[in-house]
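Let's take a walk through this one together. Have the sequence and the 3D view open, and we'll go step by step.

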Amino acid sequence: MKKKITILPGDGIGQEVTREGKRVLEKIALAFEHQFEFDEALIGHAAIEATGNPLPDETLAKLKATDAILFGAVGHPKYDNDPTLKVRPEQGLLKMRKELGLYANLRPIKLFDELLDASSIKPEILKGSDILFFRELTGDVYFGEKGRRDEGQTAYDLMIYQRFEIERIAHKAFAAARTRKKKVTSVDKANVLESSRLWRQVVTEVAKGYPDVQLEHQFVDAAAMKLIQSPRSFDVVLTGNLFGDILTDEASQIAGSMGMLASASVGDTVGLYEPIHGSAHDITGKGIANPLASILSAALMLDISFGLKTEAQSVIRAVEQTLQQGFRTADIASAATQHEKLLNTVQMGNQVVKEIDRIMTSKSITV
Ligand code: IPM
Ligand code: MG
């Protein structure tokens with residue numbers, strides 16, 4: 001198979017982790033005789049520094065002509081406490097999502113058994129958790145009208161949803177639930193918000209087309225509590241942009257670390273694959289970031305954008321076997337376990353590549 005992949009490293013540890021994600025894709029291409037052609041483009045703070053624009057036209061043009069995108073992270077601490085800066089790294093990411101029509105963000109919360117002890121949640125509560133989030137990605141307060149009035153002393157962000165925006169992501173969530181445990185939990189705040197009341201009404205209507213899938217509604221505050229109280233009670237979670245942003249960071253603790261969670265943003269065109277973690281400037285340049293979220297994002301790309309299930313499965317197996325052997329980056333190391341070997345970013349990438357080789361030679365995967 002011949003495919004064009006654009007790498008967008010972005011800022012902070014984005015640079016370090018996408019390098020490992022790309023290396024895994026190169027390994028897969030070699031092992032399974034595919035031709036992946038890579039190019040790279042600027043986004044975020046790096047793009048502002050070079051061009052003054054967090055999503056330069058040149059980047060957008062490349063993205064519109066590629067088969068899939070592997071993205072790192074955007075952000076820089078200098079913007080976080082300075083509201084006067086009008087051009088911001090995150091605008092690049094948001095504009096890219098909107099321009100490419102990436103309205104559905106899939107965030108699988110998959111717990112590797114080896115990491116049961118890495119979480120701050122009790123193992124007996126966690127074991128067997130397997131949740132797939134569908135976070136709406138191009139609507140809500142993120143894209144509603146925003147502004148200031150009263151000489152800047154009043155600020156607002158409009159929470160807004162249109163029927164078609166809810167319908168299209170709801171269909172994706174129900175279709176996915178059919179291939180899993182056939183349960184959708186729709187999360188909203190319909191006891192307070194009008195946009196949530198429309199959300200609930202539309203999701204209930206869409207559910208009628210999937211009578212084999214069970215639908216339940218939860219308010220976001222209760223869902224936040226139940227996620228860590230009984231994570232096994234969830235299968236597919238369907239929610240809006242803001243609630244999904246918050247709940248998936250929370251849910252990352254079910255998988256042990258933000259450094260483990262991959263995501264896929266899809267819509268009607270090209271797919272974008274990215275870790276859910278951010279630029280993490282506190283550890284940038286130290287070479288200790290966990291590249292597994294980027295590597296698992298590459299696996300999602302192989303599966304969803306290219307339909308290469310065996311290849312995707314071999315990446316996931318390689319990660320599993322790496323963890324089984326006790327290899328850990330600092331974020332998933334547990335002080336309690338003796339047999340763990342602490343690795344840096346590049347060493348973790350090496351180990352996964354080595355495991356892919358082993359899987360190929362042992363032919364434990366039937367091609
Ligand atoms: C995410 C991030 C982004 C978001 C930021 C960087 C704009 O937190 O992808 O979850 O809020 O969507
Ligand atoms: Mg987030």
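In which strand is the place of S263? You'll find S263 in strand β11. Keep in mind that you're looking at a predicted model. Is S263 buried or exposed? Its relative accessibility is 0%, and buried means under 20%, so S263 counts as buried.

What does S263 touch in there? Leaving aside residues up to four places away in sequence, the contacts of S263 include L106, R107, L272, E274, S297 and L300. N105 is another residue that S263 touches, and here the side chains of S263 and N105 make a polar contact at 3.4 Å.

Strand β11 covers residues 262–266 and is joined to strand β12, residues 271–275, by 4 bridges. The two strands run antiparallel. If you want a spot to check, look at A264, which stands opposite Y273 in β12.

Next, the aromatic rings. How many aromatic pairs does a search of the whole structure find? The search finds 3. One pair to look at is F36 and F306: their ring centres are 5.7 Å apart and their planes meet at 45°, so this pair is tilted. F36 lies in strand β2 (residues 35–40), while F306 is in the loop between α11 (292–305) and α12 (309–324), so the pair ties together parts that are 270 residues apart in sequence. Both F36 and F306 are buried.

Finally, look for charges over rings. The charged end of K22 sits over the ring of F38, 5.3 Å from the ring's centre. Likewise, K341 has its charged end over the ring of F327, at 5.0 Å from the centre.

Methods
Residues are numbered from 1 along each chain as its sequence is written. Chains are lettered from A and ligands numbered from 1 in the order in which they are written. This is a predicted model: local features need pLDDT of at least 70, side-chain atom pairs count only at pLDDT 80 or more; totals for chains, interfaces and linings use all residues. Side-chain values use heavy atoms; hydrogens and water are left out. Rings of Phe, Tyr and Trp (its six-membered ring) pair if their centres lie within 6.5 Å; planes under 30 degrees apart count as stacked, over 60 as edge-to-face and the rest as tilted. Buried means under 20% relative accessible area, exposed over 50%, partly exposed in between (1.4 Å probe, protein chains only). A charge sits over a ring if NZ of Lys or CZ of Arg is within 6 Å of the ring centre and within 35 degrees of the ring normal. Two strands pair if DSSP finds at least two bridges between them. A polar contact is a pair of N or O atoms within 3.5 Å; within protein, one must be able to donate a hydrogen and the other to accept it, and residues adjacent in sequence count only if both atoms are side-chain atoms. Contact means heavy atoms within 4.5 Å.
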